[in-house]
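Biologist: Hi, could you walk me through this structure? I'd like to go topic by topic.

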Amino acid sequence: GWRESFRGGKRPGRAMLGSARSQSLHNSLFARARNGISAVAVFSMAAALLVVAPGSVPQARAAILEVGILGCDDGIGAPYCTVQAAINDAIATDVIEIQPGSYNQSFVVDVSVTIEAQSPGTVTINGAGGSVITTTTGTGVTLDGLRITGGNATNGGGVLVGPSASATITNTQIADNVASGSGGGIYLSAGSSLLVDGISVTGNAANQGAGLYAVATGVSGLTVRSSTFASNDAAAEGGAYFQEAGTADIINATVTGNDAGSGVIWVQGGTLGVRNTVVAENFGGGVPACGGPGAVVSNGGNLISRVSNTCAPVFTQPNDQIGTPSDPLDPRLKGLSNNGGVGLSRVPESDSPLLDAADNTLATFTDQLGNTRVVDGIADAVAQADIGAVELDPLTVCSAGCDFTTIEGLSLIHI
């Protein structure tokens, strides 16, 4: 069938599915030529497709389906105009690559694919009603290098991960989405798994779990790594994060400036492990850091600026630093801004208590900006990871003899 025949690259659009196989092959190959592939390469691919041993089946390879604005056509897909049209023509393991631009559309992912920006940070997906991105039951999706904004739904304004599904979100910004129910930024349905790495979740709003809401995690659980949750607002619990059940880990995250009726991090059930994470400068009625009847477990290396009676017994592991409502700790972070990568982050000041204060054995390999983690941030000749999403490296901007106590504007190294 046509699906097997076009595994090396772009396949024909839906309008061509009733055509003869030879015509489909012709159109698909010349769509490649229009995208800048030489005639020699095109016909080499044709030969590779047609020369197959009798009785054998060509080995399937992931195709790249491009989405763009100029010269687009959802019929032949060279490129597609909408992400949805590309998804409709995709099969499992395909890559949907989006050219730079702003796209006013929402889409449903019903096949396990990767959706990525051609150049990270140059693609904005503005929601066109409901969740910006929805994945259906049982699918697996990877999102990379995108800006996801403008969603407005009951649950999952930015990204709604369907039941028993899986999602990986990397190097992405999820900002300014709204859910009247739960999960302004991200909503994880029952039995699903999620990995977020190097993303920023900012300015989202919901009743519960304004940044991220997890119903009950699947076999692979939920992991947040090297990410920033900032300026999210929940009317009830979970300004940054809400967990109903299951198991989850937050590692090297920065959780600041979020607001909630009660508890910036709320664990209703299950277990949440927290390590090398800063939770500071948040707002919340009576329980500023964490709350809920579920279990919060410190794995060390955290800075919690204000702990309630609920959190206080938890954060007593090696390298934990805790303050109280009457005597909060100041993390000494610069303001929320674009410091590299896709999205927003907060960089430690040169005198921050976050520097060289994490646990190396538990640290992520890179920070939110993509730089190597575990560097010497305080010029004491000892490489030690920083707490939070961004790693500071003063050695990269200073030659011998610099005074590291006074230098400003230090560069970053991320995981």
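Biologist: Which residues does Asn232 touch, not counting residues up to four places away in sequence?

Modeller: Asn232 touches Val201, Thr202, Gly203, Asn204, Ala210, Gly211, Gly239, Gly257, Asn258 and Asp259, where contact means heavy atoms within 4.5 Å. Before we go on, this is a predicted model: local features need pLDDT of at least 70, side-chain atom pairs count only at pLDDT 80 or more, and totals for chains, interfaces and linings use all residues. Residues are numbered from 1 along each chain as its sequence is written, and side-chain values use heavy atoms, with hydrogens and water left out.

Biologist: Thanks! Is Asn232 buried or exposed?

Modeller: Asn232 is buried, with a relative accessible area of 1%. Buried means under 20% relative accessible area, exposed over 50%, and partly exposed in between, with a 1.4 Å probe and protein chains only.

Biologist: And where is Asn232 placed?

Modeller: Asn232 is in the loop between β20 (228–230) and β21 (233–237). Helices (H or I, at least four residues) and strands (E, at least two) are DSSP runs, numbered from the N terminus. A polar atom of the Asn232 side chain also lies 2.9 Å from the backbone nitrogen of Asn204.

Biologist: Switching to the sheet: what is the order of the ten strands?

Modeller: The order is β3-β6-β9-β13-β17-β20-β24-β28-β32-β33, in an open sheet with parallel pairing. Two strands pair if DSSP finds at least two bridges between them.

Biologist: Which are the edge strands?

Modeller: Those are β3 (101–104) and β33 (321–322), and each pairs on one side only.

Biologist: How many bridges join β9 to β13?

Modeller: Three bridges join β9 (residues 146–149) to β13 (residues 173–175), and the two run parallel. Within that pair, Ile148 stands opposite Ile174 in β13.

Biologist: New topic: which residues does the disulfide join?

Modeller: Cys72 is joined to Cys81, S to S 2.2 Å, and this is the one disulfide in the structure. A disulfide here is a pair of cysteine sulfur atoms within 2.5 Å. The link is right-handed, with 95 degrees about the S-S bond. Cys72 counts as partly exposed at 24% relative accessibility, and Cys81 is partly exposed at 24% too.

Biologist: Last one: how many salt bridges does a search of the whole structure find?

Modeller: Four, a salt bridge being a side-chain nitrogen of Lys or Arg within 4 Å of a carboxyl oxygen of Asp or Glu. One of them pairs Arg225 with Asp197, the closest N and O atoms being 2.9 Å apart. Arg225 lies in strand β19 (residues 212–225) and Asp197 in strand β16 (residues 192–197), so the pair ties together parts that are 28 residues apart in sequence.

Biologist: Is Asp197 buried or exposed?

Modeller: Asp197 counts as buried, at 17% relative accessibility, whereas Arg225 is partly exposed, with a relative accessible area of 28%.

Technical notes: A polar contact is a pair of N or O atoms within 3.5 Å; within protein, one must be able to donate a hydrogen and the other to accept it, and residues adjacent in sequence count only if both atoms are side-chain atoms.
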